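The sequence and structure come first.

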Amino acid sequence: MKIELERVYQDAITPVKGSTSAACYDLHAYLQNGCKVIHPDGVVQECEPDYAVDIPAGGRMLVPTGWKMRCPEGYSIDFLPRSGLSFKEGVSVVNTPGVIDWDYSDQCYVALINHTNNSVVITHGQRIAQMRLSPVIPTELEEVTELSPVVSNRAGGFGSSGKQ
């Protein structure tokens, strides 16, 4: 399987795997042509081209990657948080996973969120997320009057599977 990459900017950093057995490719921020930061109060700030941008506490940032991407039909490209950025800095991908459909053809962006009480700086070239190729299983929706029976004693909602 291949993911096709088209440079939007000649100096965009090519996604790479951290090791030969890594499941995902690291994605890098491309901030030389600006980005968007959304403050917790909903104010959208268009950032000037720069090499470092603050995500305010509780804010979000739409980070350009500098790449257009295409995967085979029947697959998607998923953007996932980087564990180091999430755990050490409190910054994650807002819509985890961020899904790039096979027929999307514009520059790809990563939507980040700052879960901390302090601003966090994202720098040009910083590894901001990881991407993987995922199969899309063709499905249909069927409305029924009652779900098919399942042999199980499981009931309840969130966190119910561990209750005694």
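Pro97 lies in the loop between strand S9 (91–93) and strand S10 (98–101). Strands here are DSSP E runs of at least two residues, helices are H or I runs of at least four, and both are numbered from the N terminus. The model is predicted, so local features need pLDDT of at least 70 and side-chain atom pairs count only at pLDDT 80 or more, while totals for chains, interfaces and linings use all residues. Residues are numbered from 1 along each chain as its sequence is written, and side-chain values use heavy atoms, with hydrogens and water left out.

The peptide bond that joins Thr96 and Pro97 is cis, with omega about -10°. Pro97 is also one of the residues in contact with Asp78 once neighbours within four places in sequence are left aside; the others are Gly98, Val99, Gln130, Met131, Arg132 and Ser134. Contact means heavy atoms within 4.5 Å. Asp78 itself sits in strand S8 (residues 75–80). Its relative accessibility is 7%, so Asp78 counts as buried. The class limits are under 20% relative accessible area for buried, over 50% for exposed and partly exposed in between, with a 1.4 Å probe and protein chains only. The side chains of Asp78 and Ser134 make a polar contact at 2.7 Å. Such a contact is a pair of N or O atoms within 3.5 Å; within protein, one must be able to donate a hydrogen and the other to accept it, and residues adjacent in sequence count only if both atoms are side-chain atoms.

With a disulfide defined as a pair of cysteine sulfur atoms within 2.5 Å, the count is zero. Cys35 is in no disulfide, and the nearest cysteine sulfur, that of Cys47, is 3.5 Å away. Cys35 is buried, at 7% relative accessible area. Cys108 is buried as well, at 0% relative accessibility.

Strand S11 (residues 107–114) is mostly covered, with six of its eight residues buried. Strand S12 (residues 120–123) has a covered face, Val120 and Ile122, and an uncovered one, Val121 and Thr123. Two strands pair if DSSP finds at least two bridges between them.

| Strands | Bridges |
|---|---|
| S7 (residues 60–70) and S11 | six bridges |
| S9 and S11 | three bridges |
| S6 (residues 52–55) and S12 | four bridges |

In S11, Ile113 is the partner of Arg60 and Leu112 that of Val93. In S12, Thr123 is the bridge partner of Ala52.
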